[in-house]
Amino acid sequence: MILEIKNLVKRYGDMLAVDNLSLELREGQILGLLGPNGAGKTTTINCILGLISFDGGEIKIFGKRLNENEMEIKRNIGVVPQDVALYGEMTAYENVDFFARLYGLKGRELKSYIEETLNFVGLWEKRKEKVKKFSGGMKRRLNIACGIVHRPKFIIMDEPTVGIDPQSRNHILESIKKLNKDGATIIYTSHYMEEVDMLCDYISIMDKGRIIAKGTSEELKSLISTDTTLIIEISSISHTVIESIKQVNGVIDCFIDEGRLKIISKKSANNLSKIIDCLLSNDVQIISLTSEKPTLEGVFLTLTGRSLRD
Ligand code: ATP
């Protein structure tokens, strides 16, 4: 087990920021910690890293408490903090070099790790430029480079894609997948459900300091997906055809919504071909057909009654 948190409690004065939180992370996993602003994600990470004290519970990394073998454990952890921590007056190379030395890298290893890492985040060509001239996306990428240059086994990324352009975001997401493929175990916090959905094998949804649901993306979505919805763009349709679709096995409802035909069926009704047959045999022209899939946003909304981005 890479990380085990049992009943973690953290208060800031009267405010309960982390409320009895437990989670486990196995080697090779990417765990997504998804929650709105203020859910307690950064506080949890700061507790894991030993940056702040906590009021209850236990955290083990690589099977040990942080204070048991702090240096050895920290050398195997990479942190990509939410707030970009770079030196603007230094070049990209000097920034990565600075962090690499903090982790004890020296000599030939130091040079080759820096080169490899700057290539990995796509900034080798920019290595001699001062960071203050970098775009937000480049800074985010360099921030990642500084956190992973020492090739840690366990990487913690706290919202590494906040406020950047889609191209840099894709670059970062692809890099994270690659790091995982190369053997790193990763915790990834975000309030962007699409990212977590795409990246993570296991997701814990956090709200008000607590884990309110956990599982794979599919497991979480199945919490709310009782029905499936088909949306069909059609030329025109008569009331009689709508009534005959309602007779198809598994169909719960069928109606026109914003000019498109919506058909709600029971979960696993498996009636798509029957619905299409019914439309075609009644000379209804199908322009496009999509199905509305449940999302993690939907899961959060169902569980809390609020949107993730409030
Ligand atoms: P964000 O995405 O905005 O960083 P988060 O899920 O990481 O959100 P935290 O930053 O852990 O959430 O904050 C959890 C709660 O603790 C919030 O209500 C926040 O205001 C509060 N909090 C965080 N740090 C402190 C602090 N140093 N002193 C007092 N309250 C704090």
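**Reading the ligand site, a buried arginine and a sheet**

Mentor: Gladly. Start at the ligand: a backbone N or O atom of Ala-39 lies 3.0 Å from an oxygen atom of the ligand. That is a polar contact, a pair of N or O atoms within 3.5 Å; within protein, one must be able to donate a hydrogen and the other to accept it, and residues adjacent in sequence count only if both atoms are side-chain atoms. This is a predicted model, where local features need pLDDT of at least 70 and side-chain atom pairs pLDDT 80 or more, while totals for chains, interfaces and linings use all residues. Residues are numbered from 1 along each chain as its sequence is written, and side-chain values use heavy atoms, with hydrogens and water left out.

Trainee: How many residues surround the ligand?

Mentor: A residue counts as near if one of its heavy atoms lies within 4 Å of the molecule. Here 13 residues surround the ligand, and the closest are Gly-38, Gly-40, Lys-41, Thr-42 and Thr-43. A polar backbone atom of Lys-41 is 2.9 Å from a ligand oxygen, and a polar side-chain atom of Asn-37 lies 3.3 Å from an oxygen of the ligand.

Trainee: Which side chain of opposite charge is nearest to Arg-140?

Mentor: For charge, Lys and Arg count as positive and Asp and Glu as negative, while His and the chain ends are not counted. A salt bridge needs a side-chain nitrogen of Lys or Arg within 4 Å of a carboxyl oxygen of Asp or Glu. For Arg-140 the nearest such side chain is Asp-83, 5.9 Å away, and this buried residue has no salt bridge. Its side chain does reach the backbone oxygen of Glu-159 at 3.5 Å.

Trainee: Why does Ser-168 count as buried?

Mentor: Buried means under 20% relative accessible area, exposed over 50%, and partly exposed in between (1.4 Å probe, protein chains only). Ser-168 counts as buried because its relative accessibility is 5%. The side chain of Ser-168 also makes a polar contact with that of Arg-141, at 3.4 Å.

Trainee: Which strands pair with β11 over six bridges?

Mentor: Strands are DSSP runs of E, at least two residues, and helices are runs of H or I, at least four, numbered from the N terminus. Two strands pair if DSSP finds at least two bridges between them. Strand β11 (residues 227-234) pairs with β13 (residues 260-266) in the antiparallel sense over six bridges, and β11 pairs likewise with β14 (residues 286-292), antiparallel over six bridges. Thr-229 has Ile-264 in β13 as its bridge partner, and Ile-232 stands opposite Leu-289 in β14.
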